[in-house]
Amino acid sequence: MTVSPESTPSATVEQVSESELLSAFLPLSKTSSSYVEVGPGDDCAVVAVPQGRVVITTDTQVVDQDFRVRWPNGYETTGADTAHKCAAQNLADIASMGAVPTSMVVSMTLPGDTPVRWVQDFAAGLKDAFERLGASECALVGGDLGSGRELSVTATVLGVMEQGNPVLRSGAGAGGTVVHAGVLGHAAAGLSALEASPGSGWDRLATEERQDLERAQLRPLAAIPAGPRAARAGASAMIDISDGLLRDAGRVARASGVVIDLDPAALEESVAELARAGEAAGEDPWRWVLTGGEDHGLLGVVPPGVQVPPGMRAIGSCAPADRRPADHGNTAVTIAGQDPGQWLGYDVGEGWDHFEP
């Protein structure tokens, strides 16, 4: 059987050979950039590293753990949805180091009944994601396609430092300004909408607004170009917000030996954006903003005297860890000087943990 982008949508991966599946996949992918010397087709790709240093990240999406093929509200995840999220979560890690993404390899495990069209949709969606997310220099350079009982996608992305040193989590210092690029809480609200059954309170929200939030979960618009810009502007610490603002800010604070104090006035705009959704879902939008992950915005710290980088906004400040109030225990992140639960009036937790029940 010969498979092409025009082949029947009913064909499944168990009906084709690996070579035929690759011939359907690769023509729809972006496989070249100025950094790629040898792309797909050999045992390995060859990618140039002009400055002699490369940054590397990897992440896995597993069906029913990281996404659903069919959500309770009826939405069916497309190959392009999965590709976009695959790109966003990995590219954001590269950007958080202040680096430029250059290449990606993808390993896919596909049940036999997976439509070939889904795989093609993934390839085209990955190419589109590189462009939409501002990672125009990134290309797919290889990977692996295999069969298995559950659908999973693992991607590894390489990036290069254009100049200077990588921006680490441990670089925040007392007196620094905490800055952010992207949105907060939208993907968490979208997850709530996708998980809601028809007839829930979510039906009271305007369809377009609900779909925008669902897209924020399915295809997060990670702030990729903001990473290298922040590095050039002097950011001393940075992280991709994948697991929630409180949890990821805590990672920076602990790595740097500081306390991060968030400014609630600076976060109120994000809360207001989700007010109608919160009312429909019966949720406090502060919870989404503080603990919702998967928006893949960038959280950074700039030292005293350094201006907020373009495309970012100030949302807090850093204080020495030894100035933590005695009643805060090991709290690494505060809101207006208070423990987050104390400030909110209820225990909010920190955010997503892959191994929590």
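Select H84 first: at 1% relative accessibility it counts as buried, where buried means under 20% relative accessible area, exposed means over 50% and partly exposed lies in between, with a 1.4 Å probe and protein chains only. H84 is found in helix α2, helices being DSSP runs of H or I with at least four residues and strands runs of E with at least two, both numbered from the N terminus. Show its surroundings, and H84 is seen to touch A129, R132, L133, R219, P220 and L221, not counting residues up to four places away in sequence; contact here means heavy atoms within 4.5 Å.

Before going further, note that this is a predicted model, in which local features need pLDDT of at least 70 and side-chain atom pairs count only at pLDDT 80 or more, whereas totals for chains, interfaces and linings use all residues. Residues are numbered from 1 along each chain as its sequence is written, and side-chain values use heavy atoms, with hydrogens and water left out.

**The whole chain**

Zoom out to the protein chain, which has 11 helices and 12 strands. Its radius of gyration is 21 Å, close to the 21 Å that the globule rule gives for 357 residues, so the chain is as compact as a globular protein of that length; the radius is taken over C-alpha atoms, and the rule is 2.2 Å times the number of residues to the power 0.38. Along the principal axes, the C-alpha atoms fill a box of roughly 70 × 55 × 30 Å. Of the 357 residues, 49% count as buried, and among contacts between residues at least 6 apart in sequence, 83% join residues at least 24 apart.

**Helix α3**

Next select residues 116–132, which form helix α3. At 1.5 Å a residue, its 17 residues should span 24 Å, and the end C-alpha atoms are 24 Å apart, which agrees; the expected span is 1.5 Å times one less than the number of residues. Colour the buried positions of α3, namely V116, W118, V119, Q120, F122, A123, G125, L126, A129 and F130. These buried residues pack against α1 (18–25), α2 (79–96), β4 (100–110), β5 (139–147) and β6 (152–160).

**Helices α4 and α5**

Now select residues 186–195 for α4 and residues 207–218 for α5. Two packed helices are described by the angle between their axes and the distance between the axes. The axes of α4 and α5 come within 7 Å and cross at roughly 110°, the axes being lines fitted to C-alpha atoms over the stretch in contact, with angles running from 0 to 180 degrees between N-to-C directions. The two helices α4 and α5 are therefore roughly perpendicular to each other, on a scale where angles under 35 degrees count as roughly parallel, over 145 as roughly antiparallel, 65 to 115 as roughly perpendicular and the rest as oblique.

To see what makes the contact, show H186, A187, A189, G190, L191, A193 and L194 of α4 together with R210, L213, E214, A216, Q217 and L218 of α5. The residues of this contact divide into 8 nonpolar, 3 polar and 2 charged, where Ala, Val, Leu, Ile, Met, Phe, Trp, Tyr, Cys and Pro count as nonpolar, Asp, Glu, Lys and Arg as charged, and the others, Gly among them, as polar.

Keep α4 selected: 7 of its 10 residues are buried, so α4 is largely enclosed by the rest of the structure. The buried residues are H186, A187, A188, A189, G190, A193 and L194, and what covers them includes α5, α8 (264–273) and α10.

Within α4, centre on H186, which counts as buried at 16% relative accessibility. Leaving aside its neighbours within four places in sequence, H186 is in contact with L213, A216, E273, L274 and D295. H186 and E273 are 87 residues apart in sequence, yet 8.7 Å apart in space, C-alpha to C-alpha.

**Loops and the last strand**

Move to H296, in the loop between α10 (285–291) and β10 (297–302). H296 has a positive phi of about 60° although it is not a glycine, and at 3% relative accessibility H296 counts as buried.

Then select T334 in strand β12, residues 333–335. T334 is buried, with a relative accessible area of 4%, and its C-alpha atom is separated by 8.9 Å from that of D263, 71 residues apart along the chain.

Finish at A336, in the loop between β12 and α11 (340–344), where phi is near 50°, a positive value in a residue other than glycine. At 43% relative accessibility, A336 counts as partly exposed.
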